[in-house]
Structure formats: C-alpha cells, structure tokens
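This briefing goes through one structure by topic, from strand pairing to side-chain and helix packing. Please keep the coordinates open while reading.

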Amino acid sequence: ARSLLYDRLNQIVTANGLGTDNNSPFFLTCSINLTDKDIIAGAPMRIVQNVDISFYVADVQTHRLYETCTLSARGVGENENRAFIAAFRNIKSSSPELKRLIATASKEIVAYYDSQIDNYLKQADALAKMGEFEKALYLLSTVPDACEGYGRINDAAIAVYQRMIDG
C-alpha cells in the first residue's frame with residue numbers, strides 16, 4: 001500500500017506539469033486518516049474502509065507549507081492492506097482538487113522565491129566570501145527557474161563557481 005501511494009504521489013506531480021526531481025526542496029506528501037471501517041461477513045470476508053487523504057505541498061528548506069487539500073476514498077479488500085490499496089487506486093491524479101492543489105502551490109512557491117531573491121543572493125555571496133562555495137551553489141540551486149529573478153540567480157551561481165575554481 002505504501003509503495004502504491006508513493007507511486008500515486010509521483011503520478012500526481014508529473015500529471016500536473018511538474019517533474020519529480022530528487023534535488024528539489026519541494027515535495028508532495030500526504031497523511032491518511034481512517035474515517036470508517038466495516039467488516040462484511042461471508043466467504044471471503046471483506047473489509048470496507050473509508051479514508052481521508054490529506055495532501056500537502058511543502059518546502060523542505062523553509063519548512064513552509066504552501067497548499068493542502070483533502071480527498072475521501074473508499075476501498076474494499078480481503079484485508080486492511082488490500083482495502084487501503086483499493087482506496088489509493090481510487091485517487092485520480094487528474095482530479096480537479098489535485099490540479100488546483102498543484103497550480104496554487106506552484107504560484108505560491110514562485111511568489112515566495114520572487115520576494116526572497118535578494119536574500120538568496122546576499123546569503124550566497126556571504127557563503128562564497130567565507131569559502132563555502134558548495135553551500136552557496138546549493139542555496140542558489142534551490143531557487144526555482146520559474147522565478148522572475150532566476151537570471152540573477154544563474155549569474156550569481158556562475159560567479160560563485162568561477163570564484164571556486166579560481167581558488
């Protein structure tokens with residue numbers, strides 16, 4: 001069930017126009033809340049579970065939560081795990097709620113970083129002056145390329161890299 005849910009999260013991200021980049025500070029995660037569980041007697045026994053799945057788009061670096069949404073799903077299976085799997089399969093990556101989640105979060109992420117471009121440039125410059133070139137480059141690399149100030153970030157990264165190789 002966990003593996004299916006992980007795959008479903010990746011499908012949601014890619015189906016809504018974003019790539020899955022392991023170096024990205026942004027992530028989509030979820031929490032599962034079991035809201036109802038029934039056991040249907042018979043041969044074979046069936047378990048019916050209703051779950052609320054709360055999705056979150058967040059930033060690992062700033063610990064900022066950008067957007068959330070909750071979807072309800074129902075799963076039926078021979079055991080709890082199979083019922084969870086059935087519920088997770090009912091979550092469609094093209095659902096309007098998930099499309100809105102990704103679109104809104106993307107706009108908020110870009111707006112946040114646009115407002116912080118000068119701070120990122122100052123922090124990277126300070127790190128480079130201390131000889132912390134890798135940290136400076138990493139910091140600059142976390143700014144999304146969709147930001148208006150990305151050209152300045154890219155220029156700063158080139159300058160930091162040049163300072164690093166010049167010694």
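F27 has A58 as its bridge partner in β2. The model is a predicted one.

**Sheet**

- Strand β1 is joined to strand β2 (residues 46-59) by 14 bridges, and the two run antiparallel.
- The sheet is open and has 3 strands in the order β1-β2-β3, paired antiparallel.
- Because β1 (26-40) and β3 each have a single partner strand, they stand at the edges, and one side of each has no neighbour in the sheet.
- On average, neighbouring strands of this sheet are turned by 15° against each other, with direction ignored.
- In general, the strands of a sheet pair through backbone hydrogen bonds, in a parallel or an antiparallel way.

**Helices on the sheet**

- Helix α1 (residues 2-15) packs on the sheet and touches β1 and β2. The direction of α1 makes about 130° with that of β1.
- Helix α3 lies across β1, β2 and β3. Relative to β3, α3 runs at about 165°.

**Aromatic rings**

- There are 6 aromatic pairs in the structure.
- Y66 and Y112 form an edge-to-face pair, with 6.4 Å centre to centre and 70° between the planes.
- Y66 belongs to strand β3 and Y112 to helix α3 (residues 96-129), so this pair ties together parts that are 46 residues apart in sequence.
- Y66 and Y112 are both buried.
- Y113 and Y120 form a tilted pair, at 5.4 Å centre to centre and 45° between the planes. Both Y113 and Y120 are buried.
- F26, Y66, Y112, Y113 and Y120 are linked into a cluster by ring pairs.

**Helix pair α4 and α5**

- Two packed helices are described by the angle between their axes and by the distance between those axes.
- Helix α4 (residues 133-141) and helix α5 (residues 150-166) pack at an angle of about 165°, and their axes are 10 Å apart.
- Angles over 145 degrees count as roughly antiparallel, so α4 is roughly antiparallel to α5.
- The crossing of α4 and α5 is left-handed.
- On the α4 side, the contact is made by F133, E134, A136, L137 and L140. On the α5 side, I153, A156, A157, V160, Y161, R163 and M164 make the contact.

**Residue G77**

- G77 is in strand β3 (residues 64-77).
- G77 counts as buried because its relative accessibility is 4%, and the cut-off for buried is under 20%.
- From C-alpha to C-alpha, G77 and V48 are 6.7 Å apart in space, while in sequence they are 29 residues apart.
- With neighbours within four places in sequence left aside, G77 is in contact with M45, R46, I47, R82 and A83.

**Residue S93**

- S93 sits in the loop between α2 (80-89) and α3.
- Is S93 buried or exposed? With a relative accessibility of 16%, S93 counts as buried.
- Leaving out neighbours within four places in sequence, the contacts of S93 are Q11, I12, A15, N16 and L98.

Definitions and conventions:
Residues numbered from 1 in each chain as written. Predicted model: local features only at pLDDT ≥ 70, side-chain atom pairs only at ≥ 80, totals over all residues. Heavy atoms only, no water. Helix = DSSP H or I, 4+ residues; strand = E, 2+ residues; numbered from the N terminus. Buried < 20%, exposed > 50% of the residue type's maximum accessible area, 1.4 Å probe, protein only. Contact = heavy atoms within 4.5 Å. Phe/Tyr/Trp six-rings, centres within 6.5 Å; stacked < 30°, edge-to-face > 60°. Pairing = 2+ DSSP bridges. Axes fitted to C-alpha atoms, helices over the stretch in contact; angles between N-to-C directions. Parallel < 35°, antiparallel > 145°, perpendicular 65-115°, else oblique. Left-handed = near helix turned anticlockwise from the far one by under 90°.
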